[in-house]
Amino acid sequence: MTSSSPAPKIDLTERAKWQAFAVAVGVAALTILDLSKVNVGLPSIEKALGAGSTELQLIVAGYALAFGLALVPAGRLGDIYSRKLLFSIGLISFTLASLACALAPTVETLLIARILQGVAAGIQMPQVLGLVQQLFQGAARGRAFGIFGATIGVATAFGPTLGGLLIAVGGETDGWRLLFWMNIPLGLIALFFALRLLPTKPKGTTVKTELDLVGILLLGFSVFSVMVPFVFTTGGPDDDPKRWFWLVGFVLGTAAFLLWERDYSRRGKSSVVHFALFRIASYRNGILVATAYFAAIPGTFLLTTLYLQQGLGALPVFAGMVSIPFALTSAASSLIGGRIVERYGRKLVVIGTATVIVGFSLILAAAVLTPRDQTIWWMAAAMAVAGAGGGLVISPNQTLTLAEVPVSEGGVAGSLAQVGQRVGTAIGVAAVSSTFFSTLYRETSAPDQLAVYHDGFRNGILIAISLITVSLIVGLVDLRSRAKARAHQAAPSA
C-alpha cells in the first residue's frame, strides 16, 4: 500500500481556476434544481400518467434517496482516481437519465429513470466540493463557497418558479416533461466545457489505491435504512407502521459499519471514512448545522407550495414565484457571507440561522393572519427575510466545515456533509409534509376548509422552525467551544 501525501496544488492561472469553478458550480445548480422544481410538476404527472400518491412520493424522494446513497462512494473514487473523470461520468449519466425521464411512457419508467438521475447527481456533487477545496485556498476559498452557496440557494428557491413556468408553457398534461427536457441541452453544453476546462489529476499525486467495497455497502445500507421510513411517510391513513422497523436496520448496519471500518483500518488499509475527520470540531459541528438546516428548508418550500395551491387555489406558477424573494436575498447574503466569513466565523452562521427563524415566523403569520387576497404577497415578503438569513448559513458554514480538512480528503469529506444534508432533507420533508397532511385528514369534516389549511400549515411550519432551532443551538455550542479554545490558547502557560 502506498501512503497518501497531501494533494499538490493545481497549477492553473486564476482565470482558469474560476472558469473550472463556474462549470462545476453550474452543474451543481442543475442537480439541485431537480430536487425542487419537480415538486410543482407532480399534479401534471399524476394527470398524465395516472400516478398514485406512493408513486408521486417516490418520484421526489427516490431522487433524494439515490442521491444520498451515491455520494460517499463517488467522493472516495474522486479522491483516489480523478475528480474530472467522475464529474464527467456523472454529468453524462444525468443527461441520459433526464432524457429517459422526459420520454417516460409510464410512471414506473419515470420512477426508474428518476432514481438513475439521482445516482448521477450523487456522483457529480462530491467532485464539485473536492474541486473547490483543490482549486482555492484562504480568502479565495471563502469567496468560492460564497458563490457556491448563492448559486445553490437560488437553484433551491427558484426551482418551484421555474417548474411552474415550464408547466404553464407545456400545458397541464405534458408540461412536466419540459422539467426534464431542459436538462439535456444544458447537460451537453456543460459537458463540452467540463472536458475543456476542468483540471486533470496533478502528476505525482500518490494516494491509497484500495477501495473498501464492504464498507461502502454497509454505509449504503445504513443510509438507505434511515431514509426509507421517512421517504414513505405521507401523513395519510394508509402509511404502513412497519416502515419504522427499517430504523433497526439502520442501527445494526451502522454498528457493523463501524466495526468493519475499525478492523479495516487496523489492518493498515484505507477505509471509506477516515474517522479522524470527525475529531475536527469545525467539521463535525458544521455537518450538524447543515443537516438540521436542510431538514427545514426544502420542507418549508414544499409546504408553502402545497398550501398556496391546495389551500388558496393559486396556480403552480404563482405558488412557485413566492420563493423568488428568498432566492434573491439568499444569493446576495451568500456573496457577502463568503467574503466576511474569515473575519466573523461561526458568529455569522448563528446570526443567519436566527434570521431564518424570524423569517419563518413571519411566513407563518402571513399565511394565517392576512386577508386571503393578500396572503401570497405577505408570504413573499417574509420569504425575503428568511432568504437573507439563509445566505449567511449555507456558504459560511460550508467554508467553516471544510476549513481544516486536508485537500486530499476533500471529496469524501464533502460527500459526507452532503449525505447529512440529504438525510436531513428526507427527515424534514417527511416530518413537515406528514404533519400538514395528517392535520388535513384529521379535520377533513370541518366546515371551514380554509381554517383547516391554516391549521395544517401552522403545524407543519412549527416543525420546520423547531428544526432550524436545532441548527441554531449547534451553532451556539460551536461558537462557545471556539471561544473557549481561543481563551485557552491565549492563556499564559504555567
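The model is predicted, so local features need pLDDT of at least 70 and side-chain atom pairs count only at pLDDT 80 or more, whereas totals for chains, interfaces and linings use all residues. Residues are numbered from 1 along each chain as its sequence is written, and side-chain values use heavy atoms, without hydrogens and water.

Helix H7 covers residues 183–197; helices here are DSSP runs (H or I, at least four residues), numbered from the N terminus. At 1.5 Å a residue, its 15 residues should span 21 Å, and its end C-alpha atoms lie 20 Å apart, which agrees. The expected span is 1.5 Å times one less than the number of residues. Buried residues in H7 are Asn183, Ile184, Gly187, Ala190, Leu191 and Ala194, where buried means under 20% relative accessible area, exposed over 50% and partly exposed in between (1.4 Å probe, protein chains only). Down the axis of H7, these buried residues fall within an arc of 125 degrees, so they line one face of the helix; the arc is taken from the directions from the helix axis to the C-beta atoms. The buried residues of H7 pack against H1 (14–49), H3 (83–103), H4 (107–135) and H6 (175–181), with contact meaning heavy atoms within 4.5 Å. On the face turned away from the buried side, H7 carries the exposed residues Leu188 and Arg196.

Ile92, Leu96, Leu99, Leu103 and Trp181 form a nonpolar patch with about 450 Å² of accessible area together. Such a patch joins nonpolar side chains (Val, Leu, Ile, Met, Phe, Trp, Tyr) within 5 Å, from residues with over 30% relative accessible area and no salt bridge; areas come from the Shrake-Rupley method with a 1.4 Å probe. Four residues of the patch, its largest share, come from H3. Leucine 99 lies in H3 and is partly exposed, at 31% relative accessible area.

The structure holds eight salt bridges, each a side-chain nitrogen of Lys or Arg within 4 Å of a carboxyl oxygen of Asp or Glu. One of them pairs arginine 114 with aspartate 34 (3.1 Å, N to O). This pair links distant parts of the chain, with arginine 114 in H4 and aspartate 34 in H1, 80 residues apart. Both arginine 114 and aspartate 34 are buried.

Another salt bridge joins arginine 458 and aspartate 455, with the closest N and O atoms 3.2 Å apart. These two residues are three places apart in H16 (residues 449–490), and therefore about one helical turn.

How values were computed
Patches are made of residues with over 30% relative accessible area and no salt bridge: like charges are joined within 9 Å, nonpolar side chains (Val, Leu, Ile, Met, Phe, Trp, Tyr) within 5 Å.
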